Amino acid sequence: MTAAVEFREVARTFGMVRAVDGVSLSIEPGEFFAMLGPSGSGKTTCLRLIAGFDLPDAGHVLLDGQDVSDVPPYERSVNTVFQDYALFPHMSVVENVAYGPRVRKVASAERNTRAREMLELVKLSGFEDRRPAQLSGGQKQRVALARALINQPKVLLLDEPLGALDLKLREEMQIELRNLQRRLGITFVYVTHDQGEALSMSDRVAVFNHGRIEQMATARELYMKPRTPFVARFVGGANVAEGDVAEKLCGTRRSFAVRTENIHVLPVTDGSPAGAITAEGTVLDVQYHGATSRWQVRLDLGETFSATRNASESSHLPSAPGARVRLAWPRDSMVALEGP
Amino acid sequence: MNSIAGAISHPGPLRAFSSFLYRRSTFYLLLLLVPPLLWLGTVYLGTLFALLTQSIYSIDDFTAQIVRTPTLATYKQLLTQPANLDIVLRTLSMSISVTLAAAAIAFPIANYMVRYASARTKAAFYVAILVPMWVSYLVKVYAWRQILAKEGILSWFFNVIGAQGVLEAILQLPGIGGPSLASSYIGMFIVFVYMWLPYMILPIAAALERVPASLMQASADLGARPGTTFRTVIFPLAMPGLAAGSVFTFSLTLGDYIIPSIVGAPGYFIGMMVYQQQGTAGNIPLAAAFSVVPIVLIALYLMFVKRLGAFDAL
């Protein structure tokens with residue numbers, strides 16, 4: 001099967017900064033693909049390279065098997081939902097949505113019918129004649145989505161589309177976007193810096209750091225088997241021990257990760273459980289999260305580790321900042337990582 | 001020492017006055033607003049009203065005294081005498097031509113400055129646009145008279161490139177030509193466009209600055225070629241700036257009397273007529289009536305551009 005989007009050793013440099021540094025990837029038709037990374041990691045530049053707003057300095061961008069490396073955006077069969085929505089302020093909602101067919105010379109009656117259908121699809125019927133300025137953030141988001149979908153693109157690009165919405169609306173839209181994608185069967189490429197969003201919505205996630213892909217895998221694999229310290233920390237929020245710290249804990253310099261829920265907190269007076277790695281440290285803070293508590297403990301070895309425990313379990317432990325505790329985790333909960 | 005309570009209970013007349021103003025916010029607002037409103041009301045609107053009043057008086061042809069009874073005779077004189085109508089039409093066509101030319105030159109410059117130039121180039125553009133505005137108006141007009149003169153640098157240049165025929169052909173155009181550029185309507189037009197161009201570039205650039213780049217990307221993303229994007233997105237969103245700039249160039253040309261008296265053909269313009277009627281001729285009512293013409297024309301012009309949808313994007 002031909003990939004919907006393919007990058008072959010793509011590079012893009014801005015002055016001295018290698019924004020995208022030799023990225024290769026392949027996105028299957030109908031896939032919900034997330035590009036995850038901190039700001040400046042190259043994920044948005046990759047999206048712009050797919051859309052055609054930016055052209056690669058080296059390598060090739062392919063859409064549906066065709067090399068589009070230097071094809072302008074208006075000749076690509078992809079559409080974009082912009083971070084700031086980019087709705088045309090001088091047009092009504094229906095004019096915004098009908099813009100794609102309009103510039104493709106579709107007759108006025110037909111494009112209006114299609115625009116109304118699209119507005120129905122995103123549950124925004126009745127707002128046809130409003131101006132973007134009269135809409136809430138969530139409504140603008142839906143208009144942007146309808147406008148991007150009306151041309152029936154093979155690939156829909158979404159650039160941090162939910163970034164400006166409040167938490168509750170964001171969660172609703174996540175579910176809606178996922179359902180919409182399943183129903184339409186369009187390839188979604190979703191850029192975000194929110195790892196929860198990427199993990200919960202996507203079939204696969206590419207984790208970006210310094211212009212490169214650190215790991216490209218399903219959400220479960222990223223969480224359970226992070227390949228690098230960056231992925232372990234950024235995606236799983238896991239504890240990572242590298243170099244000297246790793247050597248003192250397990251006798252080898254190979255870096256490893258332990259997820260916070262696998263770390264037990266014990267009073268220093270207790271003995272070490274059998275078959276576990278242990279380390280003593282000082283409590284920095286304990287944050288109450290309802291069902292669980294999150295412990296931040298400064299290990300005597302220098303690293304700060306986090307542990308997620310049941311709130312009830314935490315209540316009879318010494319939790320004041322400065323209290324001494326022992327952390328323990330089973331050997332088989334550790335994930336060996338690549339590189340330093 | 002409780003410093004918060006200390007600050008609140010700090011006594012003194014200033015403190016009391018401040019508290020009084022804080023409680024009576026309407027009084028405070030009036031206190032701040034009345035002086036500038038008085039200035040605006042008396043100096044601007046008052047004089048405008050006085051001007052309008054003058055225009056409905058008339059002048060006694062025998063005694064040259066102003067007759068202070070309301071009449072439309074002066075307006076009738078203005079609108080029925082062919083010479084006066086000619087002046088109005090001449091000024092109006094010059095203002096429209098200057099506005100169109102300034103817009104045509106300013107738009108690409110403003111668009112380039114805002115959309116494509118680097119920060120440094122953009123700053124250089126702003127300097128290049130603003131600095132000539134600080135130079136004395138008269139110096140610039142007289143400089144242009146030298147440039148456009150029969151023996152001036154422009155005709156010298158046409159000679160050098162062997163195109164004196166072109167210049168002569170231009171000068172022989174009926175109506176707008178003349179013995180030299182400095183004594184033709186074309187020359188006057190060039191000077192007007194030069195003078196008012198910054199007033200057109202700056203508002204257009206300001207309007208374009210407010211258009212986010214993502215709108216152009218969205219347009220291209222949806223399949224619009226650059227020309228279509230310009231027509232459907234950039235131009236409509238720049239319209240308020242274009243309208244503002246054109247009000248400047250249009251009204252400045254309508255009211256100017258110095259450029260037509262220094263450069264160009266002998267035909268009268270509204271500004272010159274006002275100057276002459278209120279000065280040497282002593283016909284204040286006719287001068288006032290002539291002054292009303294630009295006001296009416298600009299009001300009509302604003303209605304026209306509003307109809308075109310120039311302010312929809314505001």
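Biologist: What makes β6-β7-β8-β3-β9-β10 of chain A an open sheet?

Modeller: In this predicted model, the six strands follow one another in that order with mixed pairing. β6 and β10 (212-217) of chain A stand at the edges with a single partner strand each, so one side of each has no neighbour in the sheet. On average, and with direction ignored, neighbouring strands of this sheet are turned by 20° against each other.

Biologist: How do you know that β7 and β8 of chain A are paired?

Modeller: Two strands pair if DSSP finds at least two bridges between them. Five bridges join β7(A), residues 155-159, to β8(A), residues 187-192, so by that criterion the two strands are paired. They run parallel, and Leu156(A) stands opposite Phe188(A) in β8(A).

Biologist: What makes you say that helix α1 of chain A packs on the sheet?

Modeller: Helix α1(A), residues 43-51, touches β3 (32-36), β6, β7, β8 and β9 (204-209) of chain A, where a contact requires C-beta atoms within 7 Å. The direction of α1(A) makes about 145° with that of β7(A). Another helix, α5(A) (residues 137-149), lies across β6 and β7 of chain A and runs at about 175° to β6(A).

Biologist: Why is β11-β12-β18 of chain A also called an open sheet?

Modeller: Here three strands occur in that order, with antiparallel pairing. β11 (239-241) and β18 (335-336) of chain A are at the edges, and each has a single partner strand, so one side of each is left without a neighbour in the sheet. As for the pairing itself, three bridges join β11(A) to β12(A), residues 256-258, and the criterion asks for at least two. In β12(A), Val258(A) is the bridge partner of Asn239(A).

Biologist: What are the domains of chain A, and how far apart are their centres?

Modeller: The domain assignment gives domain 1 (5-225) and domain 2 (239-336) in chain A, and their centres, taken over C-alpha atoms, are separated by 40 Å. Chain A has 11 helices and 18 strands, and its C-alpha atoms fill a box of roughly 80 × 45 × 35 Å along the principal axes. Of its 340 residues, 42% count as buried.

Biologist: What makes chain B more spread out than a compact globule?

Modeller: For 314 residues the globule rule gives 20 Å, whereas the radius of gyration of chain B is 26 Å, well over that value, so chain B is more spread out than a compact globule. Its C-alpha trace spans about 90 × 70 × 40 Å along the principal axes. The secondary structure of chain B comes to 15 helices and two strands, and buried residues make up 31% of the chain. The domain assignment for chain B gives domain 1 (12-49) and domain 2 (81-307), with C-alpha centres that lie 40 Å apart.

Biologist: How do you know that helix α11 of chain B is largely enclosed?

Modeller: A residue counts as buried if 20 or more other C-beta atoms lie within 10 Å of its own. Seven of the nine residues of α11(B), residues 213-221, are buried, so the helix is largely enclosed by the rest of the structure. The buried residues are Leu215(B), Met216(B), Gln217(B), Ala218(B), Ser219(B), Ala220(B) and Asp221(B). Their cover includes α1 and β6 of chain A, together with α12 (226-255) of chain B. Just after the helix, Gly223(B) takes a positive phi of about 110°.

Biologist: What makes up the contact between the two chains, and which element of chain A gives the largest share of its side?

Modeller: The contact takes 19 residues from chain A and 17 residues from chain B. On the side of chain A that touches chain B, the elements giving two or more residues are β6 (78-81) and α3 (99-103) of chain A, and α3(A) provides the largest share, three residues. By class, this side of chain A has 11 nonpolar, five polar and three charged residues.

Definitions and conventions. Residues numbered from 1 in each chain as written. Chains lettered and ligands numbered in written order. Predicted model: local features only at pLDDT ≥ 70, side-chain atom pairs only at ≥ 80, totals over all residues. Domains from an automatic or database assignment. Helix = DSSP H or I, 4+ residues; strand = E, 2+ residues; numbered from the N terminus. Nonpolar A, V, L, I, M, F, W, Y, C, P; charged D, E, K, R; others polar. Axes fitted to C-alpha atoms, helices over the stretch in contact; angles between N-to-C directions. Rg over C-alpha atoms; globule rule 2.2 N^0.38 Å. Buried ≥ 20, exposed ≤ 12 C-beta atoms within 10 Å, placed from the backbone.
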